[in-house]
Amino acid sequence: MAHSLGLLTVVILLFTVYMHSTSADEIVCQPFKSIPFFSTPCTKPKWAQQGITVAGTTGKQGSSNIQLIGPSGIFIDPYDNLFIADEGNDRIQKFSPGSKGVGLTIAGGNGGGSALNQLKEPRAVYVDSAGTLFITDRGNLRVQKWFTGSAQGITIASGRGYTAHWFQGLSGNRKQINEIYSSESIMGRGRIMKYPLGGDDSPSYATLLGSVTRNPGGIVVDECNSVYVADPFGGNILKFSSGNSTGEQIASGLITPNDVALDTYGNLYIVERDTNRVQRLNVHDGTREVIVGNKEGAEGSDSEHLNKPWSIAFDSENNLYVSDKENHRVQKFSFHEGDLLC
Ligand SMILES: *[C@@H]1O[C@H](CO)[C@@H](O)[C@H](O)[C@H]1NC(C)=O
């Protein structure tokens, strides 16, 4: 009798939990996979400590197809194509998974300049599900959109006469291909903007989502339109929830956090430029640890070091890519073992 009563209690409890989670799903947007209620003990995720150079040639800047000059923002599409803002070469390079380090110029590459077939010091690149490129064309104070295979870009946002309007990070929400998010600064004041893609570059089309004290770094947008932005000057990561222009500080005490990435469980990955490393913030237990690069922050050019890393991205197998700006290369740190939910 006691046994079957216990069983009944468990069944009712499970049913209650199930009903609760179902109704919650209907009301609140869930940006991340939830951690299983009955999770078995699991191993913290680990990445190889030695990086493999997948683009560029260590310490040898240049403009051949196996070289880069000061790579900045990187992006990886769902097919594991790697896109690099090859800043010093005024071009965007694409490295497909079988490229063996040979890049293809898919935007710019016609010398630094402001013609529509040119770029000048591109900082970030984002590619939507239709393969359209979005590029912060920093030296030209504009954001360019390039259709796949197009020989030139279209301006979708620009400084429109302001002399100090710097575009920095770019991101989109994977669920929506009709808008692009940008981190930028005007006269030293940072802001996060959303641009619709149908219109021209008129500022009246843009939406101000929030402000950052000074020049913001890279951004990422989750499935519920919350924007995460690296704040290199403040040493913080800020989160702007959809519809709320007050940023929530979700990490602090960082050294020049320059770019940010998320995994499917909402854990945060942060590249610290001046301490040459990548940290992982487990948002569930609040712990933070260095996952690649030198723990003490030393710079270097061997496989275990970075030199002014700029941007980070993951491929479909959780391998971590880092643009290693001063080494003129992009490094891949293979996912070793463990579970992202831990
Ligand atoms: C907006 O975000 C701030 C910072 O996280 C928070 O304090 C505030 O309660 C939020 N406002 C609303 C209406 O959710």
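**Entry 1: β23 and β24**

I started with strand β23 (residues 309-314) and found it joined to β24 by 5 bridges, with the two strands running antiparallel. A reminder to myself: this is a predicted model.

**Entry 2: β24 and β25**

Next I followed β24 to its other hairpin. I counted 5 bridges between β24 and strand β25 (residues 329-333), again in the antiparallel sense. Here Val-322 has Gln-331 in β25 as its bridge partner. This hairpin has 4 residues between the strands, and His-328 takes a positive phi near 55°.

**Entry 3: How covered is β24?**

Is strand β24 (residues 320-324) mostly covered or mostly open? I found it mostly covered, with 5 of its 5 residues buried. I then sorted its residues by direction: Leu-320, Val-322 and Asp-324 point one way, while Tyr-321 and Ser-323 point the other way. I found residues on both sides buried, Asp-324 and Ser-323 included.

**Entry 4: The sheet from β11 to β14**

I moved on to an open sheet of 4 strands, which I read in the order β11-β12-β13-β14 with antiparallel pairing. Which strands stand at the edges? They are β11 and β14 (207-212); each has a single partner strand, so one side of each has no neighbour in the sheet. On average, neighbouring strands here are turned by 25° against each other, direction ignored. Within the sheet I looked up β12 (residues 179-186), which is joined to β13 by 8 bridges and runs antiparallel to it.

**Entry 5: The nonpolar cores**

Last, I went looking for the largest nonpolar core, which holds 24 residues. Which of them touch the most other members? My list reads Val-125, Leu-133, Ile-135 and Ile-180. Among the elements giving two or more residues to this core are β4 (82-86), β8 (133-137) and β13 (189-196). The most comes from β7, with 4 residues.

I took a closer look at Val-125. Leaving out residues up to four places away in sequence, its contacts include Phe-75, Phe-83, Ile-92, Leu-133 and Ile-135. I also noted a second, separate core of 17 residues, with Tyr-269, Val-271, Val-278 and Cys-342 among them.

Definitions and conventions
Residues are numbered from 1 along each chain as its sequence is written. This is a predicted model: local features need pLDDT of at least 70, side-chain atom pairs count only at pLDDT 80 or more; totals for chains, interfaces and linings use all residues. Side-chain values use heavy atoms; hydrogens and water are left out. A nonpolar core is a set of buried Ala, Val, Leu, Ile, Met, Phe, Trp, Tyr and Cys residues joined through side-chain atoms within 4.5 Å. Buried means under 20% relative accessible area, exposed over 50%, partly exposed in between (1.4 Å probe, protein chains only). Contact means heavy atoms within 4.5 Å. Two strands pair if DSSP finds at least two bridges between them. Axes are lines fitted to C-alpha atoms, for helices over the stretch in contact, and angles run from 0 to 180 degrees between N-to-C directions.
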